[in-house]
Amino acid sequence: MHVCISLVLPQACPPSSRHIRAVQCSSYNNQPFMGRLYEWEPFNEVPIEQQCELNCRAIGFRFYVRQSERVIDGTPCGQNETSLCVAGKCTSLGCDEYLGSGRVVDKCGVCGGDNTTCRLVSGVFKHSLSKIGYHKIVEIPEGATKINVTEMVKSRNYLALRSRSGRSIINGNWAIDRPGKYEGAGTMFTYRRPNEISSTAGESFLAEGPTNEILDVYVSKKNQLEPQESYGGGSPLKYDFTELLIAQKIFPYGIYNNQNLFQELVPKLKFHFLGFRYSIFHCVNRLTQVQVSDSLCDSSSRPSPQEEACNLQSCPAFWDIGEWSECSKTCGLGMQHRQVLCRQVYANRTLNVHTSRCRHLERPETASTCQLKICSEWQIRSEWTSCSVPCGLGQRSREVHCVSNVGDFVPDEECNMNLRPNDVENCDMGTCAKSWFYTEWGNRCSAECGMGVRTRGVLCLTNQISSLPLEGCGSERPADSQVCNNGPCENRIEWFTGPWSQCSVECGTGTQQRSVVCLMKSNEGFTVMPPYECSSLDKPLSQQSCSLKACGAKWYHTDWSACSKTCEGGFRVREVRCLSDDMLSSEGCDVQLKPEEKEDCNPEPCIPQIDENCRDKYFNCNVVVQARLCVYDYYKTTCCASCSRVAHKQSTYHRQS
């Protein structure tokens, strides 16, 4: 079977984006597992054949679960991000951007190539440099790739790069460029010059290529009037690049395998002058001494130019201050450094000299504190929300933001992620109560005449009512069937059918069975007859296909709770839920048919219980009540009935007020 797959490669996601596997695992955070909620993260320590399954680990726990047999198509898999899961299989993306092609870029930069269209050229330049100026080291041909030119040891020289057209790319025209990226010959060169004070590494420049013209690599040798004793004389220069054989370029210096160090010869000279001046000769008229054309004079008699030293007075040395380095920290207090050299001008060239030459000047600072900005910090901007459920295990959240020093919200990456406060946590609202839920009785009786049954749905579910306590599901399950009677039957023989069994499937098409018997029915009852007695009648089906509604929803409700008052009007409640066929909450029920959730109860007035022994012993106890003497024990006993009625009226009045 051949499968054609077309992919539109997306743009790169921003660094703050979450991995697609993390997004898929987090989608299960709100789905209970083994009775509780967990937060899930990808678990990648699985065999190769399981890399396209969605395996997730519960955060903070030592177990993982296969949430899905397949991840979403396009999810990365394997050791790198170029392999993708498609239809549950880990498939590599070739350099031709086709899944499963198996093509890779060879060392010559050719997709699907066999490494035969190029060769590796490498060597170590080991010649001594005795003259000041630019010295050509190597030629980089057109089409070169993977270019790397590196000083193996730090020296006082500088690398330089120039095109054949004379255009300087790096460190040309006696100027020293800063480290960075420079474009030239159709590619980008990265020039590196480690710190001249603390580092021992040499200079280098690198480029991926390919180049579109020939380039020349130079070493710029500097003059050194007073070399320091620690100076070793130079450094070996290592280079390598890949040359395309199609152009048939011949590397001029061959391939060097000699890794020996070389010494740069530095003459130990002390200059007593700083420049030269030359005599200038003109052709003039002998009589008028006016300058005329050189062609009027005998060229063979022209004097040779003479030179002599000039500007014998040395220019004073000075401190040459380099640029400050980047701050060591992106926020908060850090350090930055700069290079400070004592330099002096000789013969129009600026050279490094011993620091004693600059002792008459105050030396500038080489280090300084710096602070680009005040670090951002985490701030909690809200209280915890209420729990997502009224009972059981849920979640609550709060707002947590990364705030800059001026109070603005900034990306989370600008704050320390290890110190980020939690913005989501679990909350336990206690065990949910349980109650019986049941539907209204069905309108259809199982028998067309005589005695039959009708049914209703009964379920035990947790409820979320907290205003009054509910008794919970007990052993006394409400009845799900009751007797019904559609009237007397006539004396006749006919096929009788029993009720259909439940459908064999909850959704879709299934089967259901029923009993079919030949009966004689009369007012006295039913008599079972042989089947041939009903042979003249069409026998009803004993099996049929069934198909339930597409997830129809019904109202379910619990029993009424106990009344809030025993007399003088209280209320009682029950919970009502709309549930689908798979017993999940639904919004598909008719609101007009929703059973009541609250009703009044016990409206009768409260009647105090009168003790038979509580009687009035005197005929004038009404005088005791009017005189308010019932507060005394003597009168409470002798006028018990009258005092009890007054006490009941007073308590009822206080409750109503």
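How many disulfides does a search of the whole structure find? The search finds 16, counting a disulfide as a pair of cysteine sulfur atoms within 2.5 Å. A disulfide is a covalent bond between the sulfur atoms of two cysteines.

A note before the close-ups: this is a predicted model, in which local features need pLDDT of at least 70 and side-chain atom pairs count only at pLDDT 80 or more, while totals for chains, interfaces and linings use all residues. Residues are numbered from 1 along each chain as its sequence is written, and side-chain values use heavy atoms, with hydrogens and water left out.

**View 1. The whole chain, for orientation.** The chain holds four helices and 41 strands; these are DSSP runs numbered from the N terminus, helices being H or I of at least four residues and strands E of at least two. Of its 657 residues, 31% count as buried, where buried means under 20% relative accessible area, exposed over 50% and partly exposed in between (1.4 Å probe, protein chains only). The chain exposes about 44100 Å², with carbon and sulfur atoms supplying 51% of that area; accessible areas come from the Shrake-Rupley method with a 1.4 Å probe, and for residues only the protein chains shown count as cover. Among contacts (heavy atoms within 4.5 Å) between residues at least 6 apart in sequence, 62% join residues at least 24 apart.

**View 2. The largest nonpolar core.** A nonpolar core is a set of buried Ala, Val, Leu, Ile, Met, Phe, Trp, Tyr and Cys residues joined through side-chain atoms within 4.5 Å. The largest one has 22 residues, and Leu-161, Phe-189 and Phe-205 make the most contacts inside it. Elements giving two or more residues to this core include β8 (133-140), β10 (158-163) and β13 (187-192). Look around Phe-189: leaving aside neighbours within four places in sequence, its contacts include Ile-147, Leu-161, Ile-170, Phe-205 and Leu-215. A second, separate core of 12 residues includes Cys-25, Cys-52, Ala-58 and Val-65.

**View 3. The disulfide between Cys-25 and Cys-56.** Here the S to S distance is 2.1 Å. The torsion about the S-S bond is about -85°, so this disulfide is left-handed. The pair links distant parts of the chain, with Cys-25 in helix α1 (residues 20-26) and Cys-56 in strand β2 (residues 54-58), 31 residues apart. Both Cys-25 and Cys-56 are buried.

View 4. The sulfur atoms of Cys-387 and Cys-427 are 1.9 Å apart, forming a disulfide. With a torsion of about 85° about the S-S bond, the disulfide is right-handed. Cys-387 sits in the loop between β24 (377-380) and β25, and Cys-427 in strand β28 (residues 424-428), 40 residues apart. Gly-394 lies in strand β25 (residues 393-397) and is buried at 1% relative accessibility. Not counting residues up to four places away in sequence, Gly-394 touches both of these cysteines, along with Ser-388, Val-389, Glu-425 and Asn-426. The C-alpha atoms of Gly-394 and Cys-427 are separated by 5.2 Å, although the two residues are 33 apart along the chain.

**View 5. The disulfide between Cys-614 and Cys-640.** This pair has an S to S distance of 1.7 Å. Its S-S torsion is about -105°, so the disulfide is left-handed. Cys-614 lies in the loop between β41 (598-601) and α2 (621-626) and Cys-640 in helix α4 (residues 640-656), so the pair ties together parts that are 26 residues apart in sequence. Cys-614 is buried at 10% relative accessibility, and Cys-640 is buried at 17%.
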